[in-house]
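Hi there,

Here is the structure I promised to pass on to you.

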Amino acid sequence: MENLNIDQIVLEVMEKLKPLAASSSNEEQLESKSKGIYEDPEEAIEKAYLAQKELFEMTLSDRKRITDSIKTHLLKYVRELSEMVVQETGMGNVKDKIIKNTLAIEKTPSTEDLRAGVFTGDDGLTLLELSPFGVIGAITPSTNPTETVICNTIGMVAAGNSVVFSPHPGAYKATNRCVELINEAISMAKGPKNLVVTVDNPSLAKSEVVMKHKKINLLCATGGPALVKAVLSSGKKAIGAGAGNPPVLVDATANIEKAAKDIVDGASFDNNLPCIAEKEAIVVDSVFDYLVFNMKSHGAYEIKDRETIDKLVALLVPEKWKPNKKFIGKDAREILKAIGIDAEDHIKLIIMEVEKDHPFVIEELMMPVLPMVRVKDVKEGIELAVKVEHGFRHTAICHSKDIDVLTEMGHRIQTTIFVKNGPSYAGIGVGGEGYTTFTIAGPTGEGLTSASTFTRKRRCALIGGFTIR
């Protein structure tokens, strides 16, 4: 009997399996494409371009029907998406992500945000209308991936656009699942196929294709300063939602017991991942200690000694002004454990008194760590708040019963969101009035984006007609 050459047998078997593997791979790609998930960004853009042409011929009622279907369908999958994001990114917590995803679904405005205008007079009638841009390229973050996709989709589609998502590589699986569910909902509403698509296995090269493609008419980027700078350098109309470093100011007139709870709740929400969350507290000296006392009764863990604070700095900001990505969005107890402290189960925020130029104050950590700065009076407090917000014009919070203080801080700090006497998340509709968004465009000036943000304002003039006076 001849000796069998095992290597040769393996090679022959592998050759026979190649066509089967290729067939399987092709089937998987076709299945992904049917869900709006494309490996090739060029193909994704072409499909979205055709879909937008179809949507353009549909009515506002059709758009409303499509976005209503998206909202109804996605509500069934909020827990799945929330769990998927935490599992994939290792950041935040499921409980708060459920709140955020539900908020994005229920409080993102649709076509009701598209308000026309009119001028009439002796010379006739001029109509102002809102028209779509066409195909929007949307770059999404890992901190709020599904929430951003949901609210962007509702607003962009309501405005008459199609959208190509270029997700963060650290959260693309959850993003893809969200887009898949959105496409199911669009199909249920008899909407155009490929109206919302995403790029699979994202990379910098693929993002650049989206940013530079001639059929992308508008870019919308949610992320850090480098990303916003990149889209602003693209030569296209761009909406940039950048970083924030929201200060919270507490003066002597504030309801300290309530302020303590609000600050802990806001700063610990989804482990401080939202850019709107309190990042540093500035507190008037006369109420500082009492505020800390009350914060500790609501889940804050105070670090007092300088040695432990320095140990925490070395862990969380090992390089000056560069937060340790390993701890972004992690639980407070996990961070404390890393420096040898076993905290009780109810602990959700770490606090400490520091100087005004401390790294924790200057840098946005996106961790449940809140540095607290003592100031002599409210004048010094407002000045410091304006300084450490860095001119991002994102979010600020103030706890005070003095209307002059609230007015002065709001005027001086010029943020897109200014929350008075409440937790930061009230500014995006959690326990506060108004619609929500997870694309807060401070750098480019659009502010809290909604459907009307993603439109072109057009004017149609009829001369000498339609006057019925």
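**What I found**

Strands β2, β3 and β18 form an open sheet, in the order β2-β3-β18, with antiparallel pairing. Its edge strands are β2 and β18, each of which pairs on one side only. Ignoring direction, neighbouring strands here are turned by 15° against each other on average. A few terms for this: strands (E, at least two residues) and helices (H or I, at least four residues) are DSSP runs numbered from the N terminus, and two strands pair if DSSP finds at least two bridges between them. Axes are lines fitted to C-alpha atoms, for helices over the stretch in contact, and angles run from 0 to 180 degrees between N-to-C directions.

Before going further, please keep in mind that this is a predicted model: local features need pLDDT of at least 70 and side-chain atom pairs count only at pLDDT 80 or more, while totals for chains, interfaces and linings use all residues. Residues are numbered from 1 along each chain as its sequence is written, and side-chain values use heavy atoms, with hydrogens and water left out.

Back to the antiparallel sheet. β2 (residues 117–121) and β3 (residues 124–132) pair over five bridges, and they form a hairpin with two residues between them. Across this pair, V118 is opposite L127 of β3. On to β18 (residues 455–463): nine bridges join this strand to β3. Here L130 faces K457 of β18, and G124 is opposite I463.

There is also an open sheet of six strands with parallel pairing, in the order β1-β6-β5-β4-β7-β8. β1 (37–38) and β8 (237–241) are at its edges with a single partner strand each, so one side of each has no neighbour in the sheet. Within this sheet, three bridges join β5 (residues 162–166) to β6 (residues 196–199), and F165 has T198 in β6 as its bridge partner. Helix α7 (residues 172–188) packs on the sheet and touches β1, β5 and β6, with its direction at about 160° to that of β6. Contact means heavy atoms within 4.5 Å.

Helix α2 (residues 41–56) lies across β1, β4 (135–139), β5 and β6, and runs at about 160° to β5. What does α2 pack with at an angle of about 35°? The partner is helix α8 (residues 204–212), and the two axes are 9 Å apart. P41, E42 and I45 of α2 make this contact with K206, V209 and V210 of α8. By class, those residues divide into four nonpolar, no polar and two charged. For the classes, Ala, Val, Leu, Ile, Met, Phe, Trp, Tyr, Cys and Pro count as nonpolar, Asp, Glu, Lys and Arg as charged, and the others, Gly among them, as polar.

On a 1 Å grid over the protein atoms alone, a cavity is a set of points where a 1.4 Å probe fits but cannot get out, and lining residues have an atom within 4 Å of a point. The structure has one cavity of 30 Å³ or more. The largest cavity has a volume of about 50 Å³, a volume being the space filled by probe spheres set on the points, which are joined across faces, edges and corners. Its lining has four nonpolar, seven polar and no charged residues, including T108, C151, N152, T449 and F454.

Happy browsing!

Notes:
On a 1 Å grid over the protein atoms alone, a cavity is a set of points where a 1.4 Å probe fits but cannot get out, and a pocket is an open set with protein on both sides within 12 Å along at least five of seven lines; lining residues have an atom within 4 Å of a point.
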